[in-house]
Amino acid sequence: TAPGTCPRCGMGLVAMDPFDAREYLVDVATTPKPIRSGQPFTLHLTVREPVSRAVISRFDTVHEKQFHLFVISQDLEHYQHVHPEQQPDGSWALAVTLPRAGYYRLYSDFLPVGGTPQVVALPLVTAGYRGDIASSSAKLAPDRDLTATVGSMQVSLALPESPLVAGREETFAFVLCDRSTGAPVTDLEPYLAAWGHTLLLSQDTLSVVHAHPVELVPEGDPTARGGPVITF
């Protein structure tokens, strides 16, 4: 075969840049700089190339947004899933108010054009807080009840029969029903191009997974509804 062709089919080969699998950098700044609980401030996030530190300004859209941000307190009592707005210089900005003094973690979830999906965790602490991370961390007790109620909905967690294994792809499901009647919930509306979103976080906040259901939202059908089972 001629140079630049596939030896099996003879079709021409085109050189392409491989996806950049490195972990990108995220710089964080706040206005005003000392942040205080109960007072609004602006969070500034700048994504940079790992070596040159050049500002990255092109991102792919994932679930209708180019930047997903999770703001979670170290004790796991406060949780926000929000979406900053991109600025003319390529950075991202968002107004935030933290409910109380202490340590927080920011999880920046984005996909740079030409890169791989990124989840970058960074710490944030309010001004004047005297505690430390260890004393601020969650101390979770095992919850053996796999059913919870929120408003009029009852949610049951269905785990696989075999034990969950770290490092292996696992699936679990939420089964939704009406709290009062027990009838299955079948009228879920899509939110950010999915029937649901879930965040799994370790007690020490060092490990995080942002996942979406395997049941896909049909494209081009605004009347489509989901449930009663959503599998992650």
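Trainee: Which residues lie nearest the centre of the largest pocket?

Mentor: Phe172, Phe174, Thr198, Leu199 and Leu200 lie nearest the centre, out of 49 residues that line the largest pocket. A pocket is an open set of points on a 1 Å grid with protein on both sides within 12 Å along at least five of seven lines, and lining residues have an atom within 4 Å of a point. Please note that this is a predicted model, where local features need pLDDT of at least 70 and side-chain atom pairs pLDDT 80 or more, while totals for chains, interfaces and linings use all residues. Residues are numbered from 1 along each chain as its sequence is written, and side-chain values use heavy atoms, without hydrogens and water.

Trainee: How much space lies in the largest pocket?

Mentor: The largest pocket holds about 1,900 Å³ of space.

Trainee: And which elements give two or more residues to its lining?

Mentor: Those elements are β9, β10 (153-158), β11 (173-178), β12 (198-201) and β13 (208-211). Strands are DSSP runs of E with at least two residues, and helices are runs of H or I with at least four.

Trainee: What classes of residue make up the lining of the largest pocket?

Mentor: There are 31 nonpolar residues, 11 polar ones and 7 charged ones.

Trainee: What about the second largest pocket: which residues lie nearest its centre?

Mentor: Val62, Asp109, Pro117, His210 and His212 lie nearest the centre of the second largest pocket, and 13 residues line it. About 210 Å³ of space lies within this pocket. Its lining divides into 5 nonpolar, 5 polar and 3 charged residues.

Trainee: Let us step back. How many helices and strands does the protein have?

Mentor: The secondary structure comes to 1 helix and 14 strands. Along the principal axes, the C-alpha atoms fill a box of roughly 70 × 50 × 35 Å.

Trainee: What share of the 232 residues is buried?

Mentor: Buried residues make up 31% of them. Buried means under 20% relative accessible area, exposed means over 50%, and partly exposed is in between, with a 1.4 Å probe and protein chains only.

Trainee: New topic: how many salt bridges does the whole structure have?

Mentor: A search of the whole structure finds 7 salt bridges. Each has a side-chain nitrogen of Lys or Arg within 4 Å of a carboxyl oxygen of Asp or Glu.

Trainee: What does aspartate 27 pair with at 2.5 Å?

Mentor: Aspartate 27 forms a salt bridge with arginine 48, and 2.5 Å separates the closest N and O atoms. Aspartate 27 belongs to strand β1 (residues 25-31) and arginine 48 to strand β2 (residues 41-48), so the pair ties together parts 21 residues apart in sequence. Arginine 48 is partly exposed, with a relative accessible area of 22%.

Trainee: Which salt bridge joins aspartate 27 to arginine 53, and what is its N to O distance?

Mentor: Their side chains meet at 3.2 Å, N to O. This pair links distant parts of the chain, since arginine 53 lies in the loop between β2 and β3 (67-73), 26 residues from aspartate 27 in strand β1.

Trainee: Which residues are linked in a network of salt bridges?

Mentor: Asp20, Arg22 and Glu49 are linked in such a network.

Note on methods:
1 Å grid on protein atoms, 1.4 Å probe; cavity = no way out; pocket = protein on both sides within 12 Å on 5 of 7 lines; lining within 4 Å. Points joined across faces, edges and corners; volume = space filled by probe spheres on them. Nonpolar A, V, L, I, M, F, W, Y, C, P; charged D, E, K, R; others polar.
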